[in-house]
Amino acid sequence: MSSMAREILAFILTTSGWVLVSSTLPTDYWKVSSIDGTVITTATFWSNLWKTCVTDSTGVSNCKDFPSMLALDGYIQVCRGLMIAAVCLGFFGSIFALIGMKCTKIGGLDQTKARIVSFAGVNFVCLGLCSLTACSLYAHRITSEFFDPMFVAQKYELGAALFIGWAGSTLCILGGALFCLSLSEGMSSSSSPYPPDRRAFVNSGVSAMSRAAPQSQSSHARRPPPEYTSPSQHFDKNAYV
């Protein structure tokens, strides 16, 4: 796979992952629970990072925002901060990726573009780690309460937002790792003092000179030595008079 095709694939993966991670913030179902009746579900409880709601059997929802940020549980505050940081990292990573990709005309030389796109890859890897940590922390709290026999309050299960966040985190980490591979190619090309087009011209000239040198040596080797005659053959006796 060429470097340009790899960067395009990485950009598709990271952008898709960033969109998935960003969509988890307004998603309602981070955790969900239901109370079943004899025939139908009588009520569904669900909650996310911003509010908690209940939906009855008629489809009417009643929601309540969390009253105070300082009064929240610690894990919710941590998840909020990590998810917001992940969205910001994805925004800056997308900008750096567009500047550093080889298929774009901005960013300078190939060595500079390789550094920029590698920095974008680091941003996307950090995005994936932040989102993965937030979703895993939230899921750990849900599962620990669910399997705790001493916990008597309402027990919840994993919501759809957690699975979307895990999928987006995986895509961002894979795409960011592909972006980081461009740094090694940029460093290998920077070892030459010439730019790529000048380097190709110099290499072609050197190869042409190397092919011409043996031919010139062989022509000199096959040239017969000059014939020398004795001076006495060119002068007769009248030359001394």
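Visitor: Hi! What is the mean pLDDT of the protein chain?

Guide: The mean is 79, and 73% of the residues reach 70 or more. pLDDT is the predictor's confidence in each residue, from 0 to 100. This is a predicted model, so local features need pLDDT of at least 70 and side-chain atom pairs count only at pLDDT 80 or more, while totals for chains, interfaces and linings use all residues. Residues are numbered from 1 along each chain as its sequence is written, and side-chain values use heavy atoms, leaving out hydrogens and water.

Visitor: Where is confidence lowest, and where is it highest?

Guide: It is lowest in helix α6 (residues 196–222), at a mean of 50, and highest in helix α4 (residues 160–180), at 94. Over residues 192–202 the pLDDT is below 50, and beyond near neighbours in sequence this stretch has 5 contacts in the model. A contact means heavy atoms within 4.5 Å. Where pLDDT is low, the predicted coordinates should not be read in detail.

Visitor: Okay. How many helices and strands are there?

Guide: The protein chain has 6 helices and 5 strands. Along the sequence they follow the pattern α-β-β-β-β-α-α-β-α-α-α. Helices (H or I, at least four residues) and strands (E, at least two) are DSSP runs, numbered from the N terminus.

Visitor: What share of the residues is buried?

Guide: Buried residues make up 28% of the 241 in the protein chain. Buried means under 20% relative accessible area, exposed over 50%, and partly exposed in between, using a 1.4 Å probe and protein chains only.

Visitor: Now aromatics. How many aromatic pairs are there?

Guide: The count is 8 aromatic pairs. Rings of Phe, Tyr and Trp (its six-membered ring) pair if their centres lie within 6.5 Å; planes under 30 degrees apart count as stacked, over 60 as edge-to-face and the rest as tilted. One of the pairs is Trp 30 with Tyr 138, which is edge-to-face at 5.1 Å centre to centre, with 70° between the planes. That pair links distant parts of the chain, with Trp 30 in the loop between α1 and β1 (31–36) and Tyr 138 in helix α3 (residues 110–146), 108 residues apart.

Visitor: Is Trp 30 buried or exposed?

Guide: Trp 30 is buried, with a relative accessible area of 0%. Tyr 138 also counts as buried, because its relative accessibility is 0%.

Visitor: What about the rings of Tyr 75 and Tyr 138?

Guide: Their centres are 5.6 Å apart and their planes are at 55°, so the pair is tilted. Tyr 75 lies in helix α2 (residues 74–100) and Tyr 138 in helix α3, so this pair ties together parts that are 63 residues apart in sequence. Trp 30, Tyr 75 and Tyr 138 form one aromatic cluster.

Visitor: Switching to charges: how many salt bridges does the structure hold?

Guide: It holds 1 salt bridge. Glu 145 forms a salt bridge with Arg 141, and the closest N and O atoms are 2.9 Å apart. The term means a side-chain nitrogen of Lys or Arg within 4 Å of a carboxyl oxygen of Asp or Glu.

Visitor: Where do Glu 145 and Arg 141 sit?

Guide: Both are in helix α3, and because they are 4 residues apart, about one helical turn separates them. Glu 145 counts as buried at 15% relative accessibility, whereas Arg 141 is partly exposed at 31%.

Visitor: One last thing: what lies 9.1 Å from Arg 6, C-alpha to C-alpha?

Guide: That is Leu 181, 175 residues away from Arg 6 in sequence. Arg 6 has its place in helix α1 and counts as buried, at 10% relative accessibility.
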